[in-house]
Amino acid sequence: MNSWDAGLAGLLVGTMGVSLLSNALVLLCLLHSADIRRQAPALFTLNLTCGNLLCTVVNMPLTLAGVVAQRQPAGDRLCRLAAFLDTFLAANSMLSMAALSIDRWVAVVFPLSYRAKMRLRDAALMVAYTWLHALAFPAAAVVLSWLGFHQLYASCTLCSRRPDERLRFAVFTGAFHALSFLLSFVVLCCTYFKVLKVARFHCRRIDVITMQTLVLLVDLHPSVRERCLEEQKRRRQRATKKISTFIGTFLVCFAPYVITRLVELSSAVPISSHWGVLSKCLAYSKAASDPFVYSLLRHQYRKSCKEILNRVLHRRSLRSSGLTGDSHSQNILPASE
């Protein structure tokens, strides 16, 4: 195994570790906090988290074994099952992010009617649609025998080895990425740009009120005035940074793999196997970044993490104090006798 393969293997191991720990922590927060579970986005987050964990424990280890062994890492049945999961989980992840963006759009654009428009039942119906949509393509691939080990990506995924099926497979692959990656990207852009428009409108209103207040308070200390102006600037940038993070991580993680899959259908452009595996690793890295982008950096999840940590530390302190008390009593009893 050369240095490139060793680096790709190390990248996969690091992605697996971060993804497993962060998604498990999100799952613990969902189980611990009833307030989070009562909200409709919790269903989208749960769906995304479970998919990320399944990808981490099934697909990533098989790809790691394929990179190390430079061949199919498992039997045909297991590889076809992993390829089915790979196709389903990729589409489900993209559609779940689109569902989260729709939820944010409804919450920001229609704040007064949000609870009526986005109930748990509505969220469950959206999750059911993402499952049906994501299951359609791997189910069709099973019927057409287009699942197996792909040497270019060192993973079990969509593939076709028969030259006479090249055109049909190209149409199928193009339709899959158009209705998963492209559709989700369009939904993300439309919803988040509308959210950004509303956020900027509210920022302008707040800025007008702030400037009027600063003009009236003529005796205000210059340092306080500067802090108010800096807060104005941060407030304007906050929504832009968040939306750029949502759309940017989606593109950085999925676009290289999707483009590579489409370019691969044209035999005129040769693709390096190292780039193929790297693009697959970037797609896997979305499972490691999702918990931070959508969950762990939010106030409710941070609060839940602190409560879980405090509970664990409290139990340890009780156990240690109990053990200290027992040892102290054992030391005293012989002396009293």
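Where is the place of serine 155 in this fold? Serine 155 belongs to strand E2, which covers residues 155-158. This is a predicted model, in which local features need pLDDT of at least 70 and side-chain atom pairs count only at pLDDT 80 or more, while totals for chains, interfaces and linings use all residues. Residues are numbered from 1 along each chain as its sequence is written, and side-chain values use heavy atoms, with hydrogens and water left out.

**The chain as a whole**

- The protein chain has 10 helices and 2 strands; helices (H or I, at least four residues) and strands (E, at least two) are DSSP runs, numbered from the N terminus.
- Along the sequence, the pattern of the protein chain reads α-α-α-α-α-α-β-β-α-α-α-α.
- Of its 337 residues, 41% count as buried; buried means under 20% relative accessible area, exposed over 50%, and partly exposed in between (1.4 Å probe, protein chains only).
- Among contacts between residues at least 6 apart in sequence, 78% join residues at least 24 apart; a contact means heavy atoms within 4.5 Å.
- The accessible surface of the protein chain comes to about 18,700 Å², and 67% of it belongs to carbon and sulfur atoms. Accessible areas come from the Shrake-Rupley method with a 1.4 Å probe, and for residues only the protein chains shown count as cover.

**Confidence**

- The average pLDDT of the protein chain is 85, and 83% of the residues score at least 70; pLDDT is the predictor's confidence in each residue, from 0 to 100.
- Please take care with residues 331-337: pLDDT stays under 50 there, and the model has 0 contacts beyond four places in sequence for them.

- Serine 155 counts as buried because its relative accessibility is 1%.
- Not counting residues up to four places away in sequence, serine 155 touches Thr63, Gly148, Phe149, His150, Lys280 and Tyr284.
- Serine 155 and alanine 65 are 90 residues apart along the chain, yet their C-alpha atoms are separated by 8.7 Å.
- Alanine 154 lies in the loop between strand E1 (147-150) and E2. Its phi is near 50°, a positive value in a residue other than glycine.
- With 4% relative accessibility, alanine 154 counts as buried.

**Serine 304 in helix H10**

- Serine 304 sits in helix H10, residues 299-336, and counts as buried at 1% relative accessibility.
- The side chains of serine 304 and histidine 32 make a polar contact at 3.3 Å. A polar contact is a pair of N or O atoms within 3.5 Å; within protein, one must be able to donate a hydrogen and the other to accept it, and residues adjacent in sequence count only if both atoms are side-chain atoms.
- Leaving aside neighbours within four places in sequence, serine 304 is in contact with Cys29, His32, Ser33 and Ile36.

**Helix H4 and its surroundings**

- The axes of helix H4 (residues 76-109) and helix H9 (residues 273-296) come within 12 Å and cross at roughly 35°. Axes are lines fitted to C-alpha atoms, for helices over the stretch in contact, and angles run from 0 to 180 degrees between N-to-C directions.
- Where H4 and H9 meet, Asp86, Ser93, Met97 and Leu100 in H4 face Lys280, Tyr284, Lys286, Asp290 and Tyr294 in H9.
- Glutamine 70 is in the loop between helix H3 (41-69) and H4, and its phi is near 60°, a positive value in a residue other than glycine.
- Glutamine 70 is partly exposed, with a relative accessible area of 42%.
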